[in-house]
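Dear colleague,

I am handing over the structure we spoke about, placed just below. Please look through it alongside the notes that come after it.

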Amino acid sequence: MPSAPRPSPHGRPDVLVVGAGFAGLYLLHRLRELGMRALALEAGAGIGGTWYWNRYPGARCDVESMDYSYSFDPALEQEWSWTRRYPGQAEILGYIEHVADRFDLRRDVRTRTRAASAAWDASDRLWRVRTEAGDTCAAPYLVMATGCLSVPKAPGVEGLERFGGRVFHTGRWPHEEVSFAGRRVAVIGTGSSGIQAVPVIAEEAAEVTVFQRTANFSLPANDRPLAPGEQEALKARYREHRAQARRSPTGIPGPRADRSALEVPEAERTAAYRHAWEHGGLFGMLRSYSDLTTDADANATAADFIRARISEAVDDPATAEALSPRTHPFGTKRPCIDSGYYTAFNREGVRLVDLRAEPLAGAVPGGVATARGEYPADDLVLATGYDAMTGALTALDPHGRDGVPLRRAWAEGPAAHLGVAVAGFPNLFTVTGPGSPSVLSNMVVSIEQHVEWITDLIAWARDRGTGVVEAEPAAQRWWTDHVQEVAAATLFPRADSWYTGANVPGKPRVFLPYPGGVDVYRDVLEGVASSGYEGFRLSRA
Ligand code: N01
């Protein structure tokens, strides 16, 4: 049964929010502060979004805990304590639950409630949202806080129904303990999820067979417990640190490189990469030089360094070579960070199947088949990824002005003005939508920025009588083109990645996030707000 929210004293909400993860919960808090009533519809049985669903072994954030947390309340960041450099799924979910309780947010969340359709009613100036259970909710504003990586893509693995054993998707992991003790486990997919899960599953399972279609760059997480005093030291300057995060390219403070990788002697460059390898996290290596995401030769120096580390870590030279990425420049797919991924292949019972050498045929009874033969397995773990950035938006497929569905409006690829609003869809907003830095940044920093900006815009529209606000088509075209221009000046489009939609058959190939940086993007949005929201128009319906 859906959990019942406490009835609002005023009846209908002002804002419907879809999703109750980091974004949805902060929206509830911020809207309350602005004197608006909001209701969040959440498909899960609990809050937490990504961190509610992703319970696979080894699930851990690739941004450090003290950065991957809300900054909106100085007391909150002082009172919460993290245990490790990189927080695991359970710790992050515990943090989100703490925030929800501390700010009494749960009363405005309806869990087990999936929004199934949404339509703009121009005569009443309302979004009408129908849930899967058949209820209808309505509010003048609809904010999609549905996450960038929340809808698994179809795995594309034939014969799953014939397999006969247990089948798991990393993003839909069961809540109860899953034991792999003594079992033969097949893992399909070597993105961040597969790379995190493999070493942990390998500790327990009798056999692990990893099916890799594309070798990925993975950097050591260098995860560890936070040292005594380390957290206190950062807390003492947390405000300053947060301000730096907001004005940094990635939402994580750090040095900015101003030299090309090609202008330093090789020994110096190797020392810099080694330092990043041994200490830096997700962005450490990419930040070593200014041109690693824009110059193929510069990028190759980092890619060579990583391939050399892979061949050092993996005992079997053929496996090391197969694990060495050669299809795309380093960083053009989201780099993975791992804890013992490469060395897991030195364990007895762990083997790699290179699907470029022997293409996947599909699941068969009791195993997985390739063009070369069958690999027996009791369990199958699908780490096959997501319909990223647009999947949750097109799944709801809101119908905007004149009943036009979002899927039709986006048939050639998504267009969202500044990544927050879509022309033809009045009063609809997207948190970390396509065309915003989102997945190229520390998500919590980008979420906070969007929530603050969108709620300010809603308050602005509400205070101007009609309350209906919409992106102008010309402004949206300008921004959408700009995002593609910025992307074209980088190496990103060279990879077949979920950043470009290439992982989902038939999805239009468009670079989805804005690669210009959190700092630049913030300046743009602040400029738009201070101009009186140029590029948006108020209307009567
Ligand atoms: O998904 P992915 P993910 N047959 O799309 C393969 C975030 N995240 O869940 O590359 C065979 O990256 C596919 O192969 P290919 C993070 O932003 C963060 O791992 O398409 N293989 C690829 O190897 C991340 O980038 C964290 O050739 C198939 C893999 O499956 C994003 O989520 C942890 C296949 C999918 O990789 C997505 O990561 C986890 C098929 N039919 C996730 N279909 C952290 O914070 C797909 N593949 C650490």
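The notes below cover the conventions, a sheet, the cysteines and one serine.

This is a predicted model, in which local features need pLDDT of at least 70 and side-chain atom pairs count only at pLDDT 80 or more, while totals for chains, interfaces and linings use all residues. Residues are numbered from 1 along each chain as its sequence is written, and side-chain values use heavy atoms, with hydrogens and water left out.

Strand β7 (residues 141-144) pairs with β18 over three bridges, where pairing requires at least two DSSP bridges between the strands, and Met144 has Thr430 in β18 as its bridge partner.

A search of the whole structure finds zero disulfides (pairs of cysteine sulfur atoms within 2.5 Å). For Cys148, the closest cysteine sulfur is that of Cys61, 13 Å away, which is too far for a bond. Cys148 is buried (under 20% relative accessible area, with a 1.4 Å probe and protein chains only) at 5% relative accessibility, and Cys137 is also buried, at 7%.

Ser539, in strand β20 (residues 536-539), is buried with a relative accessible area of 14%. Leaving aside neighbours within four places in sequence, Ser539 is in contact (heavy atoms within 4.5 Å) with Arg401, Thr466 and Val468.

Best regards

Key
Helix = DSSP H or I, 4+ residues; strand = E, 2+ residues; numbered from the N terminus. Buried < 20%, exposed > 50% of the residue type's maximum accessible area, 1.4 Å probe, protein only.
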